[in-house]
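Have the viewer open as you read.

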Amino acid sequence: MTNSSREPDTPTQSSRHGGRSSVQQELAGSWREGSVNQSRHNPDSHSQNSVNTTSNLQARYGDLLSPKEWEREEYRCKLVEELHRGGPGEEIPFSELMDELGLGDKYIAYLNETTGSFDQLANKVSSVCSVVSTKDRLKSRASLAKKDYVKGFKRVLDKLSTFSPDGLPPEYLPTRYAYTDCQNKALEPSNLKPDLVFSIVGTIVSHMKDVHLILEAKGDMSRDKAYEKNLGQLADYALELKTVQPMRKFVPVLFLYGCQLDLVVFTHGGYYFTCIGTTLYEDENERGIFDIMARNTLRDLWFILTLPLYEFGHIINSLSMPRSAQLNTTTTPGSLVPFLTSDGSNLADIKRINRKVHITGRCTYLFRASYEGKEVVFKLTWLRTNRLPEGAVYKVLEDGNVPNLPTIFASGILVKDFCGHRLEYLVVEYCGKSIVDHIRSMRKNGAFASEVADMVKLCTRSVMHTLAAALRSNVLHRDVSPGNITTDGARVFVIDWGCAKLTALPSAGQAADMLLRWGFDSSGVVRKESEKDPFTGTQMYMSIPTLFKISKRGVFNEIESLFYVILDSLSDRIRDRRSEDALGFVFYNESNLAMVRIGILGDDQRYLSNFGVGLTGPSALKNILDAMRKFLFFEGDLYIGGRLQDFYERKVDLSVATRFMDQATLNLLTKTLAQQHAAQSMPSSPVDSTTPDPSTMAINSQPDPPRWQIPPTAIAVSSGEGSGLVNQPLVPHADDTSELAMPVFGTATTSLNRGSLERPINEQASSSASLPGPAVSIAEQSNPAAPASDVPSRKRNPDEKMDDDSTEEPSNKRRH
């Protein structure tokens, strides 16, 4: 082990890069106490509680922290919350952790081959293992600071690098990695400053992509206190490495608190931690005891620091993504041959596409590449082993002759099961840009209204054909959103079926193929995907029932998402900004967005303007949008928006359907829905015989009017003089025609009759409770947005795909 940096020379450096002060540590603990525990049970409580807690803490500590420090601490608290959604981390012995990481046999062989070597090492190293160096012997234990422990640990590493016991096999000599002191050195891209980083010998470390292993040190404290105050910082480092190094299976972080050294391993399902042992002593009187303990500590530390990359955290023996690879598409189940750079590579010019990565759960990396001369997207996805692989979905769709799909050139599994997750790869045809970006570009460049209308018509007809054909094959996409509808200008594609589900068990042949090629039981996956219906998709484009967490998904949810995509392509709203001129795209939480849309879509005169769409008079575009709105939210002249808060079976309106889909698609859709409804009426439905699918046609009498309630995040209604909050529960009765308080939109505070949620179209046009005005705000707006910075926010972007595994049992639990 070699040293590639100098000693820090400023006494304040320990507060420059991590859990800097007791104020920040108290902030982290208070934030967790105030919001994390509650948000596990109530998905809407997260944003509300975090806003309230953050406001209180900002009032208390805001003058002690810089804006960037404040953002970083809040960001780390949210990382801890995300880590703990699936359960707390698990502490296990070092040997068992090595077994979980697939290194059990390697570790046993290492112990057998190095017997006796570490008795010599403990005796040689103990002379330098004092926290206090020889020249500082008069320094008291109480005055020891974090930098003293870092200096002591560096002396241990320097000693290890010069030790070569007799008979030790060459592969166990610590010559692979060098450490770099980064306490005063910010690493790109997020300017983090770990205490020590380990990289391949000879590497000049300037970026996190150069780092193999991180060590973070703190002063002397108990284990519980150490993790309570610093887990967010460790997770911050882990997520940064996971983001910039896509070929990682897991991220290890060494954590030195006082003299105690732990290993924390972050996987896609959570984290493990284990005690390596005592690496330092603080008093010369402790040296005798230390000599006894040091043997096993140094032995396990030595093991970690001598493992090659591909055995300790990486899929390949490289920190970075190679520029080319050789794919083997003939082997079953197809898998990736170790990455090569030879002339035989058929996947070349691999370049990363930026995509957000989360600390746990589903994780996707995208790359542009060339495959045998064709422009492709190379996709790597980590997901739970009980979830449906995207490659298996494409096989089902291919068997069903579903149109408008990308060509799949290669697919398979790279890692079958690592801590409950598999790594899948796909090589997919590049299908152009997002339909929203394409239509907006047409409008910006002065395209005629008729040309835009033709593109919208092509989009709706193509996507409807795809969704109907997929439904016939018992597949629901579940993430119809701008990024997943693309066009090359001539054709429209529906891509990214990674969130899809099977609505019924596959045929015997398909089930056998899935088991052989993908290694999972299709019946279990079908049930698991159905459980995820309320949590899967892109929030901004979710249907109203999905936003209300209705437990089952159907094709009407898909069509409603398509409706919002088309509205977005025609909207003048600015992405990632909250604009009161486009209330239908203002997101605070799921239930709030659903309630706002229920109100907006009931007004046939002004619903378009409330989505930021400036269509006024009759036009081909308005004809398409009006048809989709009537198809989704009306039965005859009756508006059913309010009924969508509970399970409700929507009917197919044949009178308007052919305005946005062709007749063949309509025939296919109605026939498939009728067949599925008949199948689900039988007592032996394979997925769930007790709950009807909302995609089916309603054949029963209409249900009782729903009970519904204003979401906790109240809507403020402004009048000319002031504003007030309306947050009382609204529970209509079937016979109740009284006027009830409800959030409405306009220039004055008004009330809305219960019947307006289910009134005929012609009556709503003249309603005084219309939805035009810009005078609407949300109670949460009382907390101003933080200033922009380079620190990423962990609050989920509503335009970002959501696939929530928080309700599952932690996948990090050990297999017995």
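## Aromatic contacts

Phe409 is partly exposed, with a relative accessible area of 24%, while Tyr371 is buried at 4%. Here buried means under 20% relative accessible area, exposed over 50% and partly exposed in between, using a 1.4 Å probe and protein chains only. The model is a predicted one, where local features need pLDDT of at least 70, side-chain atom pairs count only at pLDDT 80 or more, and totals for chains, interfaces and linings use all residues. Residues are numbered from 1 along each chain as its sequence is written, and side-chain values use heavy atoms, leaving out hydrogens and water.

A search of the whole structure gives 22 aromatic pairs. Rings of Phe, Tyr and Trp (its six-membered ring) pair if their centres lie within 6.5 Å; planes under 30 degrees apart are stacked, over 60 edge-to-face and the rest tilted. Two tilted pairs are set out here:

| Pair | Centre to centre | Angle between planes |
|---|---|---|
| Tyr110 and Phe303 | 4.8 Å | 45 degrees |
| Tyr371 and Phe409 | 5.7 Å | 40 degrees |

Tyr110 in helix α5 (residues 104–113) and Phe303 in helix α9 (residues 287–306) are 193 residues apart, and both are buried. Tyr371 lies in strand β12 (residues 363–371) and Phe409 in strand β14 (residues 408–418), so their pair ties together parts 38 residues apart in sequence. Helices (H or I, at least four residues) and strands (E, at least two) are DSSP runs, numbered from the N terminus.

Tyr227, Phe255, Tyr257, Phe266, Tyr271 and Phe273 form one aromatic cluster.
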